[in-house]
Amino acid sequence: MSGNVRLLSDTLAAAKEEGRSALIAYLPAGFPTVDGGIEAVKAAIEGGADVVEVGLPHSDPVLDGPVIQTADDIALRGGVRIADVMRTVREAHAATGAPILVMTYWNPIDRYGVERFTAELAEAGGAGCILPDLPVQESALWREHAEKHGLATVFVVAPSSKDERLAEITAAGSGFVYAASLMGVTGTRESVSSQAEDLVRRTRATTDTPVCVGLGVSNPAQAAEVARFADGVIVGSAFVKRMLDAPDAAAGVEAVRALAGELAKGVRGQV
């Protein structure tokens, strides 16, 4: 069974043909429950997201700020497992036809087994993985199995990345490049870092792969700002916060759907 790296590439290309950035939503699996998380992913896509990153909850999420840490903690206390992450990918993709990636730290994959993880993700219809803490120079085994199973390998670049390092990272990755707009952890920001546009420009000088910007985007105006220079706009904490603030799970799902609709207008410049 081959994964959906081609679907991911085609989706990003279709957004570009429409003259806009793609909207990429992030939601953790198992939050607030496994079933509730699946409904939230589906709602994000139905609301207007082109792609969804499903987070694999981790007890020490070094890239993630307090909002996503809170959601991860709820999911872990609920007993979420990798099998639940795969189920989330499978059911969300089957229901929507959209490309679904998994965002995860390396340790859970290493313990689970690279071949097993990539085979199961491909079987679930996944499009690939975002691996924020896997060094490119240590990624050969992962990339071999990901390529075999038709999965994208998305690496993260940061404003601190030197041009030579950017070229090394983009040469190894596929699907898209995740450009972290600032140094630090995830979370909503009052404004989007001015470093983001420069990072996209420098990254594009090394690759034709789409460059998508995350960390800090929380509202339609910010999405529109980033959409001016990036191929994709990644939003995570704002979705999770809407769910945390909702009075119940059903309201949380509707809040995700509504925010996706607002942000979809943002990436289309309709704000």
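Strands (E, at least two residues) and helices (H or I, at least four) are DSSP runs numbered from the N terminus.

Strand β6 (residues 156–157) runs parallel to β7 and is joined to it by two bridges, and two strands are taken to pair if DSSP finds at least two bridges between them. V156 stands opposite Y178 in β7. From β6 the chain passes through helix α8 (residues 163–172) to β7, in a β-α-β crossover that is right-handed, that is, with the strands pointing away from the viewer, the path from the first strand over the helix to the second runs clockwise. Strand β8 (residues 211–214) also pairs with β7 in the parallel sense, over four bridges, and there Y178 stands opposite C212.

## Aromatic pairs

The structure holds three aromatic pairs, where rings of Phe, Tyr and Trp (its six-membered ring) pair if their centres lie within 6.5 Å, and planes under 30 degrees apart count as stacked, over 60 as edge-to-face and the rest as tilted. One of them joins Y112 and F117 edge-to-face, at 6.1 Å centre to centre and 85° between the planes, and both of these residues are buried.

The rings of F117 and W142 have their centres 6.3 Å apart and their planes at 55°, so this pair is tilted. Because F117 lies in helix α6 and W142 in helix α7 (residues 140–148), the pair ties together parts that are 25 residues apart in sequence. F117 has 0% relative accessibility and counts as buried, and W142 is buried with a relative accessible area of 1%. Ring pairs link W106, Y112, F117 and W142 into a cluster.

## The end of helix α6

Helix α6 spans residues 114–123 and includes E123, which is partly exposed at a relative accessible area of 42%. E123 and L215 are 92 residues apart in sequence, and their C-alpha atoms are 30 Å apart in space.

## Pockets

The largest pocket holds about 310 Å³ of space. On a 1 Å grid over the protein atoms alone, a pocket is an open set of points with protein on both sides within 12 Å along at least five of seven lines, and its lining residues have an atom within 4 Å of a point; grid points are joined across faces, edges and corners, and the volume is the space filled by probe spheres set on the points. Of its 13 lining residues, L56, P57, I82, P108 and R111 are the closest to the centre. Helices α4 (82–96) and α5 (106–112) are the elements that give two or more residues to this lining, and α5 provides the largest share, four residues. The lining divides into eight nonpolar, three polar and two charged residues, with Ala, Val, Leu, Ile, Met, Phe, Trp, Tyr, Cys and Pro counted as nonpolar, Asp, Glu, Lys and Arg as charged, and the others, Gly among them, as polar.

The second largest pocket has a volume of about 180 Å³, and its lining includes S9, K16, R204, D208 and D231. Helix α1 (residues 5–17) supplies the largest share of that lining, five residues, and by class the lining has four nonpolar, three polar and five charged residues.

## Basis of the values

Residues are numbered from 1 along each chain as its sequence is written, and side-chain values use heavy atoms, with hydrogens and water left out. As the model is predicted, local features need pLDDT of at least 70 and side-chain atom pairs count only at pLDDT 80 or more, whereas totals for chains, interfaces and linings use all residues.

Terms used: Buried means under 20% relative accessible area, exposed over 50%, partly exposed in between (1.4 Å probe, protein chains only). On a 1 Å grid over the protein atoms alone, a cavity is a set of points where a 1.4 Å probe fits but cannot get out, and a pocket is an open set with protein on both sides within 12 Å along at least five of seven lines; lining residues have an atom within 4 Å of a point.
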